[in-house]
Amino acid sequence: MIRLNLPPYAIKIGGTKDHPLIWDFLRRKYVALTPEEWVRQHFTHYLVEHRGYPNSLLANEIQLHVGSKSLRADSILYDRDLKPRMIIEYKAPHIALTQRVFDQITVYNMLLHVDYLVVSNGLQTIVCKMDYAHHSYIFLKEVPDYQNIK
C-alpha cells in the first residue's frame, strides 16, 4: 500500500496474499484491505492517537436512510449524548478530492446536521466547520483537536 500523509501506527494485517485483511480497532474485527480502508484505518488512528478523539465516540460504516434509499457514512464522531458531530468520508489515495466527492458528504449532512465535515484520501484532507447561521462552511487548515470541538 501507498505511504500516506498521516502518522504511522502499529498496523495489524491478516488474511492471505490474495485476500488481505486489516484490523479495524473500532469495529473490533479484520476487514478487507482496500485502498479506501487503508486510509480509514490510518485516519481513525490519527484522530485517536494524535488528536485526542475518544475511540468510544467514533464509529465506522454507519448506515443512513433517506426514504427507501440506504446510504453509508464512512465514519462518524458522536458527542457524549450520541449526537453526530463530525462526518468523515474516505477515498482511495488515487481519487482526487473534487467537488463531486465533497458533495457526497453534504448529502449525508442533510440527515445528520453535524458541526464538521472531513474528506480525506490520505494524501490530502479537507476539513470544514459548518456555519448554519449563515448557510455556509468555513474551511480549516487541519482537523481540530477533540478538546477544541466541544
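Two strands pair if DSSP finds at least two bridges between them. The strands themselves, like the helices, are DSSP runs numbered from the N terminus, with at least two residues (E) for a strand and at least four (H or I) for a helix. With that in hand, look at S6 and S7: they pair in the parallel sense over five bridges. You are looking at a predicted model, so a local feature is mentioned here only at pLDDT of at least 70 and a side-chain atom pair only at pLDDT 80 or more, while totals for chains, interfaces and linings use all residues. Residues are numbered from 1 along each chain as its sequence is written, and side-chain values use heavy atoms, leaving out hydrogens and water.

Let us stay with S7 for a moment. The bridge partner of Ile88 in this strand is Val118. Val118 also has a bridge partner in S8, namely Val127. S8 covers residues 125-131, and its five bridges to S7 join strands that run antiparallel. Four residues sit between the two strands of this hairpin, and Gly122 takes a positive phi near 85° there. Together with H2, the strands S6 and S7 make a right-handed β-α-β unit. Right-handed here means that, with the strands pointing away from the viewer, the path from the first strand over the helix to the second runs clockwise.

Is S7 covered or open to the outside? Five of its five residues are buried, where buried means under 20% relative accessible area, exposed means over 50%, and partly exposed lies in between (1.4 Å probe, protein chains only). Tyr116, Val118 and Ser120 are buried on one side of the strand, and Leu117 and Val119 are buried on the other.

Now turn to the nonpolar cores. In soluble globular proteins, nonpolar side chains tend to be buried together. A nonpolar core is a set of buried Ala, Val, Leu, Ile, Met, Phe, Trp, Tyr and Cys residues joined through side-chain atoms within 4.5 Å. The largest one here has 26 residues, and the members that touch the most others are Phe43, Leu47, Tyr53, Leu77 and Ile88. H1, S6 and S7 are the elements that give two or more residues to this core, and the largest share, five residues, comes from H1.

Next, find the strands S1, S2 and S3. They form an open sheet in the order S1-S2-S3, with antiparallel pairing. S1 (13-15) and S3 are the edge strands, each pairing on one side only. On average, neighbouring strands of this sheet are turned by 45° against each other, direction ignored. Four bridges join S2 to S3, and Ile22 stands opposite Val31 in S3. H1 lies across S2 and S3, running at about 25° to S2. For such angles, axes are lines fitted to C-alpha atoms, for helices over the stretch in contact, and the angles run from 0 to 180 degrees between N-to-C directions.

Finally, consider the charged side chains. A salt bridge is a side-chain nitrogen of Lys or Arg within 4 Å of a carboxyl oxygen of Asp or Glu. How many salt bridges does this rule give? The count comes to twelve.

One of them joins Glu37 and Arg27, at 3.1 Å from N to O. Glu37 belongs to helix H1 (residues 35-51), whereas Arg27 is in the loop between S2 (20-24) and S3 (29-32), ten residues apart. Glu37 is buried, with a relative accessible area of 5%, while Arg27 counts as partly exposed at 24%. In another salt bridge, the closest N and O atoms of Glu61 and Arg40 are 2.6 Å apart. Glu61 lies in S4 (residues 58-66) and Arg40 in H1, so this pair ties together parts that are 21 residues apart in sequence. Arg40 is buried at 1% relative accessible area, and Glu61 counts as partly exposed at 26%.

Asp115 and Arg85 form it, with their closest N and O atoms 2.4 Å apart. Arg85 is in S6 (residues 84-90), and Asp115 is in the loop between H2 (99-112) and S7 (116-120), 30 residues apart. Both are buried.

Methods
Contact means heavy atoms within 4.5 Å.
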